[in-house]
Amino acid sequence: MLRFLVLYTALGLSANTAAAADLEALKAGDMRKLVVYEEPLPTPALPFVDETGAERSLTEFRGKVVLLNFWATWCAPCRAEMPALERLQADMGGEAFQVVTLATGRNPLPKIEKFFAEAGVSSLPKFKDERQNIARAMGVVGLPVSVILDADGNEVARLIGEAAWDAPEAKALLQAVIDG
C-alpha cells in the first residue's frame, strides 16, 4: 500500500510539473508575462456580490476553467483590456470556460455600467469585491491582474498588467488548461 501511495504521489507531482511545462512552452506575445505555478494554489471561498447585491463565490464556477480578472473603473489599463476579455468570452465561453470580471475596491454599479458601456462590454459579469477581501487573500496589488483557475478552482497561473486575452497565443494557452 505504501508503494502505491508513493507511486501515486510521484505521478501526481510529475503530472503537475508536466502541465506547468506545457503552459510554459505556450508562452508567447503578452502571455510571456504569465507566471505559471508548478503546483496549483487554492483560492479563497470568500463572497463577493453581483450587480443585484446577491452574494456569490468562486466555488460556483467549479468544473470550468476560469479567467478571473481583477479590475477597477478608474484603471486605464483595465479599460484597454476589457474589450479583449469580452471577445474572449464570446469566442471561448461556455461549458468549459468562463471569464469572470471582479471589480475590486470602491466601484459603484453606475460607474461599472458606464465603464462597460464605454468599453463595449455587454456579456461579462458585473461582480464586485468591494472590501477587497478576495483581492487581499489572493495577493493582488495593482490592477489589472488576471488569474487562471483550473476546473477544480485552483490558481494555476497569473498575469499582472493588461494583455490581449483574445489573441491566438492566449486562446491556445487557455485551451491547454481546458484540455488539462
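Predicted model: local features only at pLDDT ≥ 70, side-chain atom pairs only at ≥ 80, totals over all residues.

Colleague: How many of the residues of strand β7 are buried?

Modeller: Strand β7 covers residues 145-149, and the rest of the structure largely encloses it.

Colleague: Which residue stands opposite Val145 of β7?

Modeller: Strand β4, residues 65-71, runs antiparallel to β7 and is joined to it by five bridges. The residue that stands opposite Val145 is Phe70.

Colleague: What is the bridge partner of Ile148 in β8?

Modeller: Strand β8 comprises residues 155-160, runs antiparallel to β7 and is joined to it by five bridges. The two strands form a hairpin with five residues between them, and Gly153 in the turn has a positive phi of about 85°. In β8, the partner of Ile148 is Ala157.

Colleague: Around the axis of helix α3, what arc do the buried residues cover?

Modeller: The buried residues of α3 (residues 109-119) are Ile112, Phe115, Phe116 and Ala119. They lie on the same side of the helix, because the arc they cover around the axis is only 95°.

Colleague: Which residues are exposed on the other side of α3?

Modeller: The cover over the buried residues of α3 includes β4, α2 (76-92), β5 (97-104) and β6 (127-129). Just after the helix, Gly120 adopts a positive phi of about 75°. On the other side of α3, the exposed residues are Pro110, Lys114 and Ala117.

Colleague: At what angle do the ring planes of Trp71 and Phe115 lie?

Modeller: The structure holds five aromatic pairs. For Trp71 and Phe115 the ring centres are 4.5 Å apart, and the pair counts as tilted because the angle between the planes is 35°.

Colleague: How many residues apart are Trp71 and Phe115?

Modeller: Trp71 is buried, with a relative accessible area of 1%, and Phe115 also counts as buried, at 1%. The pair links distant parts of the chain, with Trp71 in strand β4 and Phe115 in helix α3; the separation is 44 residues.

Colleague: With which side chain does the side chain of Asp166 make a polar contact?

Modeller: Asp166 lies in the loop between β8 and α5 (168-179). Leaving aside residues up to four places away in sequence, Asp166 touches Ala84, Arg87, Leu88 and Lys171. The polar contact, at 2.5 Å, is with the side chain of Arg87.

Colleague: What radius of gyration does the protein have?

Modeller: The secondary structure comes to five helices and eight strands, and the C-alpha atoms fill a box of roughly 60 × 35 × 30 Å along the principal axes. For 180 residues, a compact globule would have a radius of gyration near 16 Å, and the protein agrees with this at 17 Å.

Colleague: Among contacts between residues at least 6 apart in sequence, what percentage join residues at least 24 apart?

Modeller: Of the 180 residues, 44% count as buried. For the contacts in question, the share joining residues at least 24 apart is 72%.

Conventions: Residues numbered from 1 in each chain as written. Heavy atoms only, no water. Buried < 20%, exposed > 50% of the residue type's maximum accessible area, 1.4 Å probe, protein only. Helix = DSSP H or I, 4+ residues; strand = E, 2+ residues; numbered from the N terminus. Pairing = 2+ DSSP bridges. Arc of directions from axis to C-beta. Contact = heavy atoms within 4.5 Å. Phe/Tyr/Trp six-rings, centres within 6.5 Å; stacked < 30°, edge-to-face > 60°. Polar contact = N/O pair within 3.5 Å; in protein donor to acceptor, adjacent residues only side chain to side chain. Rg over C-alpha atoms; globule rule 2.2 N^0.38 Å.
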